[in-house]
Amino acid sequence: MKFNATSRSDKGTSASRRLRHAGRVPAIVYGGTAEPASIELDHNEIYHALRKESFHASILSMELDGKSQQVLLRSVQWHPYKQLVLHVDFQRVDASQSLTTKVPLHFINAEKSPAVKLSSAIISHVLTEVEVVCLPANLPQFIEVDLGGMLAGTTVHMSDIVLPKGVVLTAHAGETSPVVANAHVKGGSAAADEEAAPEAE
């Protein structure tokens, strides 16, 4: 995905306020061998780009003063109650260096699972994204989680998911194999009732 940026020399709160009044967004790009650079973006362009999930988990092509740079979106500051982008951070990407970033999870086939079709269970998505490490060329826009085999009362852990080639979980995400989704029957399952009975006695 591509977006346009322009270098800016004015810094500080007053300069940022003037930019926003002019329909521009102050931003910064850092990382790599170059010094951090202050840039500005067109508000409408970046606002619509940020509404696309892929913009948050893709290597982006930033056109800065006529030159293209590969970057990754790192953070966005929004106005507390208006649909306004206040500031954006980007990180330069080196094709030969691994990067760490969060990737969204896409859940499929939940409605086809035995948990839903046979037990009328409710499947909850415990995680919506996961942190991974990979080379820029291997960065997936999302990781697919197939829930088609879920049974009522079961859970899907991150360790159950086949990651794309060249992608690994960060140590933090991989140590405990967090729960990604679970299926529970409304009003409690028979197993839950059996577990509760000894406690009541």
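Which residues does Trp78 touch, not counting residues up to four places away in sequence? The list is Tyr47, Leu50, Gln83, Leu84, Val85 and Leu86, where contact means heavy atoms within 4.5 Å.

Before going further, some ground rules. This is a predicted model, in which local features need pLDDT of at least 70 and side-chain atom pairs count only at pLDDT 80 or more, while totals for chains, interfaces and linings use all residues. Residues are numbered from 1 along each chain as its sequence is written, and side-chain values use heavy atoms, with hydrogens and water left out.

Trp78 lies in strand E5; helices (H or I, at least four residues) and strands (E, at least two) are DSSP runs, numbered from the N terminus. Trp78 counts as partly exposed because its relative accessibility is 36%. For that scale, buried is under 20% relative accessible area, exposed is over 50%, and partly exposed is in between, using a 1.4 Å probe and protein chains only. Ten residues separate Trp78 from Val88 in sequence, and their C-alpha atoms are 9.0 Å apart in space.

Two of the residues that Trp78 touches, Tyr47 and Leu50, also turn up among the buried residues of helix H2 (residues 43-50), which are His43, Ile46, Tyr47, Ala49 and Leu50. Seen down the axis of H2, these buried residues fall within an arc of 165 degrees, so they line one face of the helix. The arc is taken from the directions that run from the helix axis to the C-beta atoms. The packing partners of H2's buried residues are strand E2 (24-30), strand E3 (37-42), helix H3 (53-56), strand E5 (67-78) and strand E6 (85-92).

At the N-terminal end, H2 is capped by Asp42, with a side-chain oxygen 3.2 Å from the backbone nitrogen of Asn44. For reference, a polar contact is a pair of N or O atoms within 3.5 Å; within protein, one must be able to donate a hydrogen and the other to accept it, and residues adjacent in sequence count only if both atoms are side-chain atoms.

**H1**

Helix H1 (residues 13-21) has Ala15, Ser16 and Leu19 as its buried residues. Down the H1 axis they fall within an arc of 100 degrees, so they line one face of the helix. An α-helix has 3.6 residues a turn, so residues three or four places apart point the same way. On the other side of H1, Thr13, Arg18 and His21 are exposed. The buried residues of H1 pack against E2 and E3. Just after H1 comes Gly23, with a positive phi of about 80 degrees.

**The four-strand sheet**

Further along, four strands form an open sheet with the order E10-E7-E9-E12 and mixed pairing. Its edge strands are strand E10 (143-146) and E12, each pairing on one side only. Two strands count as paired if DSSP finds at least two bridges between them. Here is how the pairs look:

| Strand pair | Sense | Bridges | Residues opposite each other |
|---|---|---|---|
| E7 and E9 | antiparallel | six | Val103 and Val130 |
| E9 and E12 | antiparallel | two | Val132 and Leu169 |

**The three-strand sheet**

There is also an open sheet of three strands, in the order E8-E13-E11 with antiparallel pairing. Strand E8 (121-125) and strand E11 (155-157) are its edge strands, each pairing on one side only. E11 and strand E13 (residues 179-185) are joined antiparallel over three bridges, and Val156 stands opposite Ala181 in E13.

**Two loop residues with positive phi**

Asn109 has a positive phi of about 65 degrees although it is not a glycine. Asn109 sits in the loop between E7 and helix H4 (114-117), and it counts as partly exposed because its relative accessibility is 22%. Ser120, also not a glycine, has a positive phi near 50 degrees. Ser120 is in the loop between H4 and E8, and at 54% relative accessibility it counts as exposed.
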